Amino acid sequence: MHDSEEHHHAEHETGVTNPLEQRVRALETLLTEKGYIDPAALDVLIDAYQTKIGPRNGARVVARAWCDPKFRHWLLEDATAAIASMGFAGRQGEHMVAVENTPQVHNLVVCTLCSCYPWAVLGLPPTWYKSAPYRSRAVKDPRGVLREFGVQLPESTQIRIWDSTAEVRYLVIPQRPAESLHLSESELADWVTRDSMIGTGLPGAPA
Amino acid sequence: MSYHSNADLGGTAQPGAIIPEAEGDLFHAPWEPRVMALVVAMGPTGMSNIDMNRSARETLPNYLGSSYYEIWLSALEKLVAQTGVLGDAAPPARRVLKAPMVLAAIGTSTSYSRPPTQAARFTVGDHVRTRSGAPKHHTRLPGYARGKIGLVQRVHGVHVFPDTNAHGQGESPQWLYNVAFDAAELWGPQAQRSIISLDAWEPYLQPA
(Lines give C-alpha, C1' and ligand atoms only; values in the text may rest on other atoms or scores of the structure.)
Protein backbone atom coordinates (compact mmCIF):
# COMPACT_ATOMS: atom_id res chain seq x y z
CA MET A 1 0.00 0.00 0.00
CA HIS A 2 2.79 2.31 1.06
CA ASP A 3 4.60 1.72 -2.24
CA SER A 4 1.70 2.65 -4.50
CA GLU A 5 0.97 5.77 -2.44
CA GLU A 6 4.53 6.87 -3.09
CA HIS A 7 4.11 6.26 -6.82
CA HIS A 8 0.95 8.34 -6.96
CA HIS A 9 2.73 11.08 -5.11
CA ALA A 10 5.66 11.09 -7.56
CA GLU A 11 3.27 11.20 -10.48
CA HIS A 12 1.49 14.28 -9.14
CA GLU A 13 4.82 16.02 -8.87
CA THR A 14 6.07 15.28 -12.38
CA GLY A 15 2.78 14.92 -14.26
CA VAL A 16 4.39 12.19 -16.37
CA THR A 17 3.85 8.47 -16.16
CA ASN A 18 6.08 5.91 -17.81
CA PRO A 19 4.14 3.82 -20.40
CA LEU A 20 5.27 0.60 -18.70
CA GLU A 21 4.05 1.93 -15.37
CA GLN A 22 0.69 2.67 -17.02
CA ARG A 23 0.44 -0.85 -18.46
CA VAL A 24 1.23 -2.41 -15.10
CA ARG A 25 -1.31 -0.25 -13.31
CA ALA A 26 -3.99 -0.97 -15.94
CA LEU A 27 -3.43 -4.71 -15.70
CA GLU A 28 -3.44 -4.68 -11.91
CA THR A 29 -6.68 -2.67 -11.88
CA LEU A 30 -8.45 -5.00 -14.32
CA LEU A 31 -7.34 -8.16 -12.50
CA THR A 32 -8.32 -6.65 -9.15
CA GLU A 33 -11.79 -5.70 -10.43
CA LYS A 34 -12.26 -9.25 -11.74
CA GLY A 35 -11.37 -10.62 -8.30
CA TYR A 36 -8.13 -12.34 -9.31
CA ILE A 37 -5.75 -10.06 -7.43
CA ASP A 38 -5.68 -8.65 -3.91
CA PRO A 39 -3.47 -5.54 -4.21
CA ALA A 40 -2.54 -5.79 -0.53
CA ALA A 41 -1.08 -9.24 -1.26
CA LEU A 42 1.21 -7.66 -3.86
CA ASP A 43 2.58 -5.31 -1.21
CA VAL A 44 3.30 -8.23 1.11
CA LEU A 45 4.97 -10.18 -1.72
CA ILE A 46 7.23 -7.27 -2.63
CA ASP A 47 8.19 -6.73 0.98
CA ALA A 48 8.91 -10.43 1.48
CA TYR A 49 11.37 -10.56 -1.43
CA GLN A 50 12.97 -7.28 -0.36
CA THR A 51 13.39 -8.05 3.32
CA LYS A 52 12.87 -11.75 4.12
CA ILE A 53 13.73 -14.04 1.21
CA GLY A 54 17.18 -13.30 -0.13
CA PRO A 55 20.77 -14.52 -0.31
CA ARG A 56 21.28 -14.22 3.45
CA ASN A 57 19.17 -17.40 3.71
CA GLY A 58 21.53 -19.29 1.44
CA ALA A 59 24.53 -17.81 3.25
CA ARG A 60 23.31 -19.35 6.50
CA VAL A 61 22.94 -22.72 4.79
CA VAL A 62 26.50 -22.55 3.46
CA ALA A 63 27.93 -21.37 6.79
CA ARG A 64 26.29 -24.31 8.53
CA ALA A 65 27.67 -26.71 5.94
CA TRP A 66 31.14 -25.28 6.55
CA CYS A 67 30.86 -25.79 10.33
CA ASP A 68 28.81 -28.97 10.66
CA PRO A 69 30.06 -32.02 8.72
CA LYS A 70 26.82 -33.92 9.31
CA PHE A 71 24.76 -31.06 7.91
CA ARG A 72 27.14 -30.75 4.93
CA HIS A 73 26.67 -34.45 4.20
CA TRP A 74 22.88 -34.10 4.43
CA LEU A 75 22.95 -31.01 2.17
CA LEU A 76 24.90 -32.90 -0.49
CA GLU A 77 22.65 -35.97 -0.20
CA ASP A 78 19.25 -34.27 0.07
CA ALA A 79 19.50 -30.50 -0.24
CA THR A 80 15.72 -29.99 -0.30
CA ALA A 81 15.28 -31.56 3.14
CA ALA A 82 18.45 -30.08 4.66
CA ILE A 83 17.47 -26.56 3.55
CA ALA A 84 13.85 -27.05 4.67
CA SER A 85 15.17 -27.96 8.14
CA MET A 86 16.45 -24.37 8.39
CA GLY A 87 13.06 -22.95 7.41
CA PHE A 88 13.94 -21.97 3.84
CA ALA A 89 11.56 -24.18 1.88
CA GLY A 90 9.18 -22.74 -0.67
CA ARG A 91 8.59 -21.24 -4.04
CA GLN A 92 11.41 -21.84 -6.56
CA GLY A 93 13.21 -24.06 -4.06
CA GLU A 94 10.98 -27.10 -4.40
CA HIS A 95 13.72 -29.43 -5.68
CA MET A 96 17.15 -28.37 -4.49
CA VAL A 97 20.56 -29.81 -5.36
CA ALA A 98 23.73 -28.52 -3.66
CA VAL A 99 27.01 -28.76 -5.58
CA GLU A 100 30.28 -28.31 -3.75
CA ASN A 101 33.38 -26.49 -4.91
CA THR A 102 36.69 -28.23 -4.14
CA PRO A 103 40.32 -27.44 -5.00
CA GLN A 104 39.72 -29.46 -8.19
CA VAL A 105 36.20 -28.44 -9.21
CA HIS A 106 34.41 -25.09 -9.54
CA ASN A 107 30.64 -25.05 -10.10
CA LEU A 108 28.72 -22.39 -12.01
CA VAL A 109 24.91 -22.17 -12.28
CA VAL A 110 22.97 -20.70 -15.21
CA CYS A 111 19.56 -20.92 -16.85
CA THR A 112 20.14 -20.57 -20.59
CA LEU A 113 16.43 -20.90 -21.44
CA CYS A 114 14.93 -18.36 -19.02
CA SER A 115 15.80 -17.27 -15.49
CA CYS A 116 15.40 -20.31 -13.21
CA TYR A 117 17.01 -19.49 -9.87
CA PRO A 118 16.68 -20.82 -6.30
CA TRP A 119 14.43 -18.06 -4.92
CA ALA A 120 13.92 -19.80 -1.57
CA VAL A 121 17.62 -19.49 -0.68
CA LEU A 122 18.86 -16.64 -2.90
CA GLY A 123 15.77 -14.48 -3.43
CA LEU A 124 15.14 -12.78 -6.76
CA PRO A 125 17.84 -13.19 -9.42
CA PRO A 126 20.12 -10.25 -10.26
CA THR A 127 19.65 -8.60 -13.65
CA TRP A 128 22.85 -10.06 -15.13
CA TYR A 129 21.72 -13.61 -14.32
CA LYS A 130 18.66 -13.06 -16.57
CA SER A 131 20.63 -11.22 -19.26
CA ALA A 132 21.48 -12.54 -22.72
CA PRO A 133 25.26 -12.09 -22.30
CA TYR A 134 25.43 -14.27 -19.17
CA ARG A 135 22.97 -16.92 -20.39
CA SER A 136 24.69 -17.27 -23.76
CA ARG A 137 28.29 -17.35 -22.51
CA ALA A 138 28.20 -19.27 -19.24
CA VAL A 139 27.90 -22.65 -20.99
CA LYS A 140 30.51 -21.97 -23.69
CA ASP A 141 33.01 -19.53 -22.22
CA PRO A 142 32.84 -20.02 -18.45
CA ARG A 143 36.37 -18.75 -17.87
CA GLY A 144 35.60 -15.56 -19.79
CA VAL A 145 32.44 -15.08 -17.72
CA LEU A 146 34.36 -15.60 -14.49
CA ARG A 147 36.95 -13.05 -15.63
CA GLU A 148 34.15 -10.51 -16.06
CA PHE A 149 33.39 -11.07 -12.37
CA GLY A 150 37.06 -10.74 -11.49
CA VAL A 151 37.46 -14.45 -10.74
CA GLN A 152 40.56 -16.17 -12.08
CA LEU A 153 40.82 -19.91 -11.44
CA PRO A 154 43.90 -22.10 -11.90
CA GLU A 155 44.01 -23.74 -15.35
CA SER A 156 43.89 -27.12 -13.61
CA THR A 157 40.50 -26.40 -12.00
CA GLN A 158 37.67 -28.20 -13.74
CA ILE A 159 34.60 -26.04 -14.31
CA ARG A 160 31.20 -27.68 -14.04
CA ILE A 161 28.26 -25.72 -15.40
CA TRP A 162 24.71 -26.51 -14.30
CA ASP A 163 22.06 -25.37 -16.79
CA SER A 164 18.76 -25.19 -14.85
CA THR A 165 16.43 -26.60 -17.50
CA ALA A 166 13.86 -28.21 -15.15
CA GLU A 167 12.33 -27.33 -11.74
CA VAL A 168 15.51 -28.50 -10.00
CA ARG A 169 17.42 -25.56 -8.52
CA TYR A 170 21.17 -25.60 -7.90
CA LEU A 171 23.05 -24.00 -5.00
CA VAL A 172 26.84 -23.79 -5.06
CA ILE A 173 28.64 -24.47 -1.78
CA PRO A 174 31.81 -22.41 -2.19
CA GLN A 175 35.10 -23.38 -0.58
CA ARG A 176 35.60 -21.98 2.90
CA PRO A 177 38.43 -19.44 2.80
CA ALA A 178 41.48 -20.57 4.78
CA GLU A 179 41.64 -17.27 6.65
CA SER A 180 38.10 -17.80 8.04
CA LEU A 181 38.92 -20.92 10.05
CA HIS A 182 38.67 -19.16 13.44
CA LEU A 183 35.16 -17.78 12.82
CA SER A 184 31.81 -18.95 14.16
CA GLU A 185 28.92 -20.09 11.97
CA SER A 186 27.07 -16.78 12.30
CA GLU A 187 30.19 -14.76 11.50
CA LEU A 188 30.91 -17.00 8.51
CA ALA A 189 27.52 -16.28 6.93
CA ASP A 190 28.74 -12.72 6.30
CA TRP A 191 31.60 -14.13 4.21
CA VAL A 192 29.21 -15.96 1.87
CA THR A 193 28.26 -13.68 -1.01
CA ARG A 194 25.31 -14.22 -3.33
CA ASP A 195 27.62 -14.57 -6.31
CA SER A 196 29.68 -17.24 -4.53
CA MET A 197 26.50 -19.35 -4.29
CA ILE A 198 25.89 -18.98 -8.05
CA GLY A 199 29.53 -19.67 -8.83
CA THR A 200 30.39 -16.26 -10.30
CA GLY A 201 32.22 -15.15 -7.16
CA LEU A 202 34.28 -16.39 -4.26
CA PRO A 203 33.52 -15.88 -0.59
CA GLY A 204 35.52 -13.34 1.35
CA ALA A 205 35.74 -11.10 4.37
CA PRO A 206 32.84 -8.63 4.48
CA ALA A 207 33.79 -5.09 3.43
CA MET B 1 2.04 -24.79 -36.78
CA SER B 2 5.56 -23.61 -36.28
CA TYR B 3 7.01 -22.75 -32.92
CA HIS B 4 10.04 -20.64 -32.28
CA SER B 5 11.64 -19.78 -28.96
CA ASN B 6 13.54 -16.50 -28.79
CA ALA B 7 14.94 -17.44 -25.39
CA ASP B 8 17.21 -20.38 -26.25
CA LEU B 9 20.46 -18.47 -25.80
CA GLY B 10 23.06 -21.01 -24.64
CA GLY B 11 26.21 -20.74 -26.80
CA THR B 12 24.77 -18.08 -29.12
CA ALA B 13 26.58 -14.80 -29.83
CA GLN B 14 25.01 -12.10 -27.67
CA PRO B 15 26.58 -8.66 -27.48
CA GLY B 16 27.15 -6.75 -24.31
CA ALA B 17 29.02 -7.01 -21.06
CA ILE B 18 27.89 -8.88 -17.98
CA ILE B 19 27.34 -6.19 -15.39
CA PRO B 20 27.71 -7.34 -11.79
CA GLU B 21 25.16 -6.01 -9.34
CA ALA B 22 25.03 -5.45 -5.57
CA GLU B 23 22.93 -7.86 -3.52
CA GLY B 24 20.22 -5.39 -2.54
CA ASP B 25 19.83 -4.06 -6.09
CA LEU B 26 16.63 -5.94 -6.95
CA PHE B 27 14.59 -3.54 -9.05
CA HIS B 28 15.47 -0.80 -11.51
CA ALA B 29 12.09 0.90 -12.02
CA PRO B 30 9.16 1.42 -9.65
CA TRP B 31 6.84 -0.78 -11.73
CA GLU B 32 9.16 -3.81 -11.69
CA PRO B 33 8.29 -5.10 -8.20
CA ARG B 34 4.61 -4.76 -9.09
CA VAL B 35 5.05 -6.99 -12.16
CA MET B 36 6.97 -9.57 -10.16
CA ALA B 37 4.21 -9.63 -7.55
CA LEU B 38 1.41 -9.77 -10.14
CA VAL B 39 3.00 -12.78 -11.84
CA VAL B 40 3.48 -14.59 -8.53
CA ALA B 41 -0.04 -13.74 -7.35
CA MET B 42 -1.63 -14.98 -10.58
CA GLY B 43 -0.15 -18.45 -9.94
CA PRO B 44 -2.81 -19.61 -7.44
CA THR B 45 -5.66 -18.35 -9.65
CA GLY B 46 -5.07 -21.20 -12.06
CA MET B 47 -5.03 -18.93 -15.12
CA SER B 48 -1.83 -20.54 -16.38
CA ASN B 49 0.93 -22.87 -15.21
CA ILE B 50 4.67 -22.23 -15.02
CA ASP B 51 5.32 -23.84 -18.41
CA MET B 52 2.60 -21.79 -20.11
CA ASN B 53 4.22 -18.70 -18.59
CA ARG B 54 7.63 -19.66 -19.98
CA SER B 55 6.16 -20.43 -23.38
CA ALA B 56 4.32 -17.08 -23.45
CA ARG B 57 7.60 -15.30 -22.66
CA GLU B 58 9.94 -17.12 -25.03
CA THR B 59 7.63 -16.58 -28.03
CA LEU B 60 7.44 -12.79 -27.60
CA PRO B 61 8.75 -11.27 -30.86
CA ASN B 62 10.78 -8.60 -29.06
CA TYR B 63 12.15 -10.96 -26.40
CA LEU B 64 15.79 -9.97 -26.90
CA GLY B 65 14.99 -6.25 -27.04
CA SER B 66 13.09 -6.24 -23.75
CA SER B 67 14.17 -6.03 -20.13
CA TYR B 68 13.30 -9.09 -18.09
CA TYR B 69 10.40 -7.58 -16.16
CA GLU B 70 9.12 -6.15 -19.46
CA ILE B 71 9.11 -9.72 -20.78
CA TRP B 72 7.17 -10.82 -17.72
CA LEU B 73 4.66 -7.98 -18.19
CA SER B 74 4.13 -8.60 -21.91
CA ALA B 75 3.69 -12.34 -21.34
CA LEU B 76 1.20 -11.73 -18.54
CA GLU B 77 -0.79 -9.37 -20.79
CA LYS B 78 -0.69 -12.01 -23.53
CA LEU B 79 -1.91 -14.79 -21.21
CA VAL B 80 -4.67 -12.61 -19.78
CA ALA B 81 -5.87 -11.95 -23.33
CA GLN B 82 -5.50 -15.57 -24.52
CA THR B 83 -7.20 -17.16 -21.54
CA GLY B 84 -10.05 -14.63 -21.51
CA VAL B 85 -9.95 -14.16 -17.75
CA LEU B 86 -11.20 -10.60 -18.14
CA GLY B 87 -14.19 -11.64 -20.24
CA ASP B 88 -17.78 -12.13 -19.10
CA ALA B 89 -17.52 -15.90 -19.42
CA ALA B 90 -14.29 -16.07 -17.42
CA PRO B 91 -14.08 -18.82 -14.82
CA PRO B 92 -13.66 -17.65 -11.22
CA ALA B 93 -10.13 -17.75 -9.82
CA ARG B 94 -9.27 -21.18 -8.42
CA ARG B 95 -7.78 -19.40 -5.41
CA VAL B 96 -7.05 -15.74 -4.75
CA LEU B 97 -3.83 -14.95 -2.92
CA LYS B 98 -4.89 -12.74 -0.02
CA ALA B 99 -2.40 -10.64 1.92
CA PRO B 100 -2.47 -12.70 5.15
CA MET B 101 -1.75 -15.92 3.17
CA VAL B 102 1.24 -14.63 1.25
CA LEU B 103 4.09 -15.65 3.54
CA ALA B 104 2.70 -19.14 4.08
CA ALA B 105 2.03 -19.53 0.35
CA ILE B 106 5.51 -18.59 -0.86
CA GLY B 107 7.08 -20.59 1.96
CA THR B 108 5.24 -23.73 0.89
CA SER B 109 6.73 -26.02 -1.71
CA THR B 110 4.54 -27.07 -4.62
CA SER B 111 6.30 -30.16 -5.79
CA TYR B 112 6.69 -30.86 -9.49
CA SER B 113 7.49 -34.53 -8.87
CA ARG B 114 4.83 -37.16 -9.45
CA PRO B 115 4.56 -40.86 -8.52
CA PRO B 116 6.24 -43.17 -11.07
CA THR B 117 3.94 -45.34 -13.17
CA GLN B 118 6.75 -47.22 -14.89
CA ALA B 119 10.40 -48.02 -14.31
CA ALA B 120 13.08 -45.53 -15.31
CA ARG B 121 14.62 -46.34 -18.68
CA PHE B 122 18.08 -45.05 -17.70
CA THR B 123 20.30 -45.20 -14.66
CA VAL B 124 23.37 -43.36 -13.40
CA GLY B 125 26.34 -44.08 -15.67
CA ASP B 126 24.30 -44.70 -18.84
CA HIS B 127 25.37 -42.97 -22.03
CA VAL B 128 22.47 -41.25 -23.78
CA ARG B 129 21.97 -39.34 -27.01
CA THR B 130 19.66 -36.34 -26.89
CA ARG B 131 16.88 -35.71 -29.38
CA SER B 132 17.97 -33.74 -32.43
CA GLY B 133 16.07 -31.06 -34.27
CA ALA B 134 13.72 -28.38 -33.01
CA PRO B 135 10.25 -29.62 -32.01
CA LYS B 136 7.20 -27.60 -33.01
CA HIS B 137 6.29 -26.85 -29.41
CA HIS B 138 7.72 -25.58 -26.13
CA THR B 139 10.61 -27.72 -24.93
CA ARG B 140 13.36 -27.54 -22.31
CA LEU B 141 16.13 -29.23 -24.25
CA PRO B 142 18.39 -26.32 -25.28
CA GLY B 143 19.48 -26.08 -28.91
CA TYR B 144 23.16 -26.47 -27.99
CA ALA B 145 22.49 -29.89 -26.46
CA ARG B 146 20.43 -31.46 -29.26
CA GLY B 147 21.77 -34.61 -30.92
CA LYS B 148 24.62 -34.87 -28.38
CA ILE B 149 25.98 -37.73 -26.28
CA GLY B 150 26.06 -37.33 -22.52
CA LEU B 151 26.27 -39.31 -19.32
CA VAL B 152 23.41 -39.74 -16.85
CA GLN B 153 24.72 -38.56 -13.48
CA ARG B 154 21.54 -38.20 -11.42
CA VAL B 155 18.01 -39.55 -11.53
CA HIS B 156 15.68 -36.85 -10.14
CA GLY B 157 12.46 -38.89 -10.19
CA VAL B 158 9.33 -38.34 -12.24
CA HIS B 159 8.48 -34.69 -12.99
CA VAL B 160 5.78 -32.73 -14.82
CA PHE B 161 6.64 -32.64 -18.55
CA PRO B 162 6.87 -29.04 -19.87
CA ASP B 163 6.45 -30.03 -23.52
CA THR B 164 2.81 -30.94 -22.89
CA ASN B 165 2.09 -28.86 -19.78
CA ALA B 166 2.96 -25.63 -21.61
CA HIS B 167 0.22 -26.26 -24.15
CA GLY B 168 -2.57 -27.30 -21.81
CA GLN B 169 -2.13 -30.94 -22.81
CA GLY B 170 -1.69 -32.21 -19.27
CA GLU B 171 1.26 -32.91 -17.01
CA SER B 172 2.22 -36.19 -18.70
CA PRO B 173 4.89 -36.84 -16.00
CA GLN B 174 8.21 -38.30 -17.20
CA TRP B 175 11.44 -39.49 -15.62
CA LEU B 176 13.88 -36.62 -15.25
CA TYR B 177 17.67 -37.07 -15.37
CA ASN B 178 20.70 -34.87 -14.96
CA VAL B 179 22.89 -35.47 -17.99
CA ALA B 180 26.52 -34.31 -18.20
CA PHE B 181 28.25 -33.41 -21.46
CA ASP B 182 31.90 -32.86 -22.15
CA ALA B 183 32.40 -29.33 -23.52
CA ALA B 184 34.14 -30.79 -26.60
CA GLU B 185 31.01 -32.81 -27.43
CA LEU B 186 28.94 -29.61 -27.45
CA TRP B 187 31.35 -27.05 -28.89
CA GLY B 188 34.07 -29.04 -30.66
CA PRO B 189 37.70 -29.86 -29.90
CA GLN B 190 38.69 -26.23 -29.27
CA ALA B 191 36.26 -25.92 -26.34
CA GLN B 192 37.39 -24.86 -22.89
CA ARG B 193 37.83 -27.89 -20.69
CA SER B 194 34.56 -28.11 -18.77
CA ILE B 195 31.53 -30.26 -18.09
CA ILE B 196 28.06 -28.90 -18.86
CA SER B 197 25.08 -30.63 -17.32
CA LEU B 198 21.37 -30.10 -17.69
CA ASP B 199 18.14 -31.74 -16.64
CA ALA B 200 16.48 -33.77 -19.38
CA TRP B 201 13.16 -35.65 -19.40
CA GLU B 202 13.15 -39.22 -20.69
CA PRO B 203 11.47 -38.42 -24.06
CA TYR B 204 14.50 -36.23 -24.87
CA LEU B 205 16.87 -39.22 -24.56
CA GLN B 206 17.81 -42.38 -26.43
CA PRO B 207 20.37 -45.03 -25.42
CA ALA B 208 23.81 -44.31 -26.91
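## Chain A overall

Chain A has 12 helices and four strands; helices (H or I, at least four residues) and strands (E, at least two) are DSSP runs, numbered from the N terminus. This is a predicted model, in which local features need pLDDT of at least 70 and side-chain atom pairs count only at pLDDT 80 or more, while totals for chains, interfaces and linings use all residues. Residues are numbered from 1 along each chain as its sequence is written, and chains are lettered from A and ligands numbered from 1 in the order in which they are written.

The C-alpha trace of chain A spans about 55 × 35 × 35 Å along its principal axes. Of the 207 residues in chain A, 52% are buried. A residue is buried if 20 or more other C-beta atoms lie within 10 Å of its own, exposed if 12 or fewer, and partly exposed in between, with C-beta atoms placed from the backbone.

## Where chain A touches chain B

The contact between the chains takes 63 residues from chain A and 71 residues from chain B. Two residues are in contact if their C-beta atoms, placed from the backbone, lie within 7 Å. On the side of chain A that touches chain B, the elements giving two or more residues include helix H2 (19-33), helix H3 (39-51) and strand E3 (158-163) of chain A. H3(A) supplies the largest share, eight residues.

That side of chain A divides into 32 nonpolar, 14 polar and 17 charged residues. Ala, Val, Leu, Ile, Met, Phe, Trp, Tyr, Cys and Pro count as nonpolar, Asp, Glu, Lys and Arg as charged, and the others, Gly among them, as polar.

## Strand pairing

E3(A) pairs with strand E5 (residues 194-201) of chain B in the parallel sense, over five bridges. Two strands pair if DSSP finds at least two bridges between them. Ile159(A) has Ser194(B) as its bridge partner in E5(B).

Within chain B, strand E3 (residues 149-159) runs antiparallel to strand E1 (residues 113-114), joined by two bridges. E3(B) also pairs with strand E4 (residues 174-182) of chain B, in the antiparallel sense, over seven bridges. Three bridges join E3(B) to strand E2 (residues 127-130) of chain B, again antiparallel. Leu151(B) stands opposite His127(B) and opposite Ala180(B) in E4(B).

## The nonpolar core

A nonpolar core is a set of buried Ala, Val, Leu, Ile, Met, Phe, Trp, Tyr and Cys residues joined through C-beta atoms within 7 Å. The largest one has 111 residues, and Leu45(A), Val62(A), Leu171(A), Leu38(B) and Ala41(B) touch the most other members. Not counting residues up to four places away in sequence, Leu45(A) touches Ala37(B), Val40(B), Ala41(B) and Val102(B).
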